[in-house]
Amino acid sequence: MLLRAARTQRAAVVNAVAAPGISLISSPTQLAITSDSVDGVVLPHILELSSNPHQVLREAHRVLVGDGHLLIQGFNPLSLWGLRHLLKFNRSVPGIQRLMPEYRINDWLSLLGFEVVERKRYFHSVPINRESVLSKLEGLELVGRNAWPRLAACYMIVARKRVYTLTPTKTPWRGKRKLVGGLVEPTSRISCD
């Protein structure tokens, strides 16, 4: 669905293992993509699944063009779903290495030179996997958005890669020398003893 909604000329799904719909097989810590060649990168819970999330962010930074966008989705450890994950000892979502708090992701992004453009928190429901129960608690989402937004089960961060270009400045021409008492100022002082 994300690929159909993309407003880019080309879009690809990258995964570490082959599966239907995968365009490129590559590790998220060593992407087989040219540097500065991608307009947008979407990381849906990839940082939590990776044993080296810092390297995943560095690779995303490397492949993004200047002013390219990075979208990160993650589970909030400070939610009921995060508590469930902690109590079930990593069995609530298979493969999760650790839940990343939103503030830590923001720190890592600022260190890499990203500017956080937007943050969203969503899914304020209780940690139950039964559709029948969740459908009865649909109103909880609206209440949660207003009453306890920081306790949402998931977050989304949109960041922009900032590239600061250096503008060379002209150095004042040093061809003219100041006159000292009518004479040209010497370039070096050598003492004659």
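Guide: We begin with exposure: a residue is buried under 20% relative accessible area, exposed over 50%, and partly exposed in between, using a 1.4 Å probe and protein chains only. The model is predicted, so local features need pLDDT of at least 70 and side-chain atom pairs count only at pLDDT 80 or more, while totals for chains, interfaces and linings use all residues. Residues are numbered from 1 along each chain as its sequence is written, and side-chain values use heavy atoms, with hydrogens and water left out.

Visitor: Take Asp-67. Is Asp-67 buried or partly exposed?

Guide: Asp-67 has 39% relative accessibility, so Asp-67 counts as partly exposed. Asp-67 is part of strand E4; helices (H or I, at least four residues) and strands (E, at least two) are DSSP runs, numbered from the N terminus.

Visitor: What is the phi of Asp-67?

Guide: Most residues other than glycine have a negative phi. Asp-67 has a positive phi, near 65°. His-45, also not a glycine, has a phi near 65° as well. His-45 sits in the loop between strand E3 (38-44) and H2, and His-45 is buried because its relative accessible area is 18%.

Visitor: Which residue forms a salt bridge with Asp-67?

Guide: A salt bridge is a side-chain nitrogen of Lys or Arg within 4 Å of a carboxyl oxygen of Asp or Glu. For Asp-67 the partner is Arg-162, with the closest N and O atoms 2.9 Å apart. Asp-67 is in strand E4 and Arg-162 in the loop between E6 and strand E7 (179-180), so this pair ties together parts 95 residues apart in sequence. Arg-162 is partly exposed, at a relative accessible area of 26%. A network of salt bridges links Asp-67, Glu-115, Arg-160 and Arg-162.

Visitor: How many salt bridges does a search of the whole structure find?

Guide: The search finds eight salt bridges. One of them joins Lys-161 and Asp-36, with 3.1 Å between the closest N and O atoms. That pair links distant parts of the chain, 125 residues apart: Lys-161 is in strand E6 (residues 154-161), and Asp-36 is in the loop between strand E2 (24-25) and E3. Lys-161 has a relative accessible area of 6%, so Lys-161 is buried.

Visitor: What does the side chain of Glu-102 meet in a salt bridge?

Guide: The side chain of Glu-102 meets that of Arg-121, at 3.1 Å from N to O. Glu-102 lies in helix H5 and Arg-121 in strand E5 (residues 114-122), so the pair ties together parts 19 residues apart in sequence. Arg-121 is partly exposed at 28% relative accessibility, whereas Glu-102 is buried at 11%. Helix H5 covers residues 102-112. Contact means heavy atoms within 4.5 Å. Beyond its neighbours within four places in sequence, Glu-102 is in contact with Arg-119, Arg-121, Tyr-155 and Ile-157.

Visitor: Which residues does Leu-47 touch?

Guide: Not counting residues up to four places away in sequence, Leu-47 touches Pro-53, Val-56, Leu-57, Ile-72, Met-100 and Ile-105. Leu-47 belongs to helix H2 (residues 46-49) and counts as buried because its relative accessibility is 3%.

Visitor: Where is empty space left inside?

Guide: Rolling a probe the size of a water molecule over the atoms shows where empty space is left. On a 1 Å grid over the protein atoms alone, a cavity is a set of points where a 1.4 Å probe fits but cannot get out, and lining residues have an atom within 4 Å of a point. Grid points are joined across faces, edges and corners, and a volume is the space filled by probe spheres set on the points. This structure holds one cavity of 30 Å³ or more. The largest cavity has a volume of about 30 Å³. Its lining consists of His-45, Ile-46, Leu-47, Glu-48, Ile-72, Gln-73, Gly-74, Met-100 and Tyr-155. H2 and strand E4 (64-75) each supply at least two residues of that lining.

Visitor: Which residues make the nonpolar surface patch?

Guide: Patches are made of residues with over 30% relative accessible area and no salt bridge; nonpolar side chains (Val, Leu, Ile, Met, Phe, Trp, Tyr) are joined within 5 Å, like charges within 9 Å. Accessible areas come from the Shrake-Rupley method with a 1.4 Å probe, and for residues only the protein chains shown count as cover. Here Leu-80, Leu-83, Leu-86 and Leu-87 make a nonpolar patch of about 410 Å². Leu-80 is in helix H4 (residues 80-87) and counts as partly exposed, at 49% relative accessibility.

Methods:
On a 1 Å grid over the protein atoms alone, a cavity is a set of points where a 1.4 Å probe fits but cannot get out, and a pocket is an open set with protein on both sides within 12 Å along at least five of seven lines; lining residues have an atom within 4 Å of a point.
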